[in-house]
Amino acid sequence: MPEEQTEQAVTPSSEAPAAAKTGARPDRASWLREYETIYLLPSDITDEAADKLAERLRELVSKSGGRVIKFINWGRRKTAFDVRHQPRALYLQMSYLGLGKTVSEVERNLRNMEEVEKFITTLVNPLVDPAARPTEQDVKLSSEVEERPLRPDRSEGEGSDPDLSDDVIPDLNAID
C-alpha cells in the first residue's frame, strides 16, 4: 500500500511543469506599486527650499528600492481650513513606484520634517511593471489662483438685494 501512495504523489507533481509554461503568466516578483503623496509646505517657503526638499525625497525613494516618476508643484493655494494658522500653503505632489517599506520611509521622513505641514499618501495602482512606467519630467503649475472678487454693488454683511428694505412687503394679491 505505501507504494500506491507514492505513485499517486508522483502523478500531480508531473503535471505541475505543464501548468507553468512560458508566457502563461508574467513574472511579477519585480513589479512594484504606484503611490502618490501630496504634501503641504508653508506658503512663505522659497521655491529653492521646496526643490531641495523634493530632491531629498527623490534620494530617499531611490535608496529604499523605489523610483520617483514625477513631482508636480501645484503652487500656492488656499486651503480648505487654516493649517497652522495659515490660510494658504504650497501644494506638492510626488508620484513614485515602491513597496510598503518605501511608503513607510517617505511618511516617516515627512513627519519629521519641520517644513511639512500636512501630507497624505494614496495607492494609485497595486501592480505596476517598472519597465513599462517611464520617469516623467517634473511639472510646475501656475503658482497663484485668483480668488473670487466681491461684487462691486455689495459690501460685506449686506443682504442679498440692496433695493429691498425690511419694511416694504410686496402685495401678492395685487398681481393680475
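A salt bridge is taken here as a side-chain nitrogen of Lys or Arg within 4 Å of a carboxyl oxygen of Asp or Glu. The structure is a predicted model, in which local features need pLDDT of at least 70 and side-chain atom pairs count only at pLDDT 80 or more, while totals for chains, interfaces and linings use all residues. Residues are numbered from 1 along each chain as its sequence is written, and side-chain values use heavy atoms, with hydrogens and water left out.

Eight salt bridges are present in the structure. In one of them, the side chains of Glu 136 and Arg 133 meet at 3.0 Å, N to O. Glu 136 is partly exposed, with a relative accessibility of 33% (buried means under 20% relative accessible area, exposed over 50%, and partly exposed in between, with a 1.4 Å probe and protein chains only). Arg 133 is likewise partly exposed, at 21%. These two residues belong to a network of salt bridges that also links Glu 34 and Lys 70.

A further salt bridge joins Glu 105 to Arg 108, at 2.7 Å from N to O. Both residues lie in helix H3 (residues 100-112), three residues apart, about one turn of the helix. Helices (H or I, at least four residues) and strands (E, at least two) are DSSP runs, numbered from the N terminus. Asp 47 and Arg 76 also form a salt bridge, with their closest N and O atoms 3.6 Å apart. Because Asp 47 lies in helix H2 (residues 47-63) and Arg 76 in strand S2, this pair ties together parts that are 29 residues apart in sequence. Asp 47 is partly exposed, at 28% relative accessible area, whereas Arg 76 is buried, at 15%.

Strand S3 is mostly covered, with 11 of its 13 residues buried. Two strands are said to pair if DSSP finds at least two bridges between them. Strand S1 (residues 32-42) pairs with S3 in the antiparallel sense over 10 bridges, and Thr 37 stands opposite Met 94 in S3. Strand S2 (residues 67-83) runs antiparallel to S3 and is joined to S3 by 11 bridges; Lys 78 stands opposite Arg 88 in S3. Two residues lie between the strands in the hairpin of S2 and S3, where Arg 84 takes a positive phi near 55°.

Within S3 (residues 86-98) lies Leu 90, which is buried at 1% relative accessibility. Beyond its neighbours within four places in sequence, Leu 90 is in contact (heavy atoms within 4.5 Å) with residues including Tyr 39, Ile 45, Ala 50 and Arg 76. The C-alpha atoms of Leu 90 and Leu 41 are separated by 5.0 Å, although the two residues are 49 apart along the chain.
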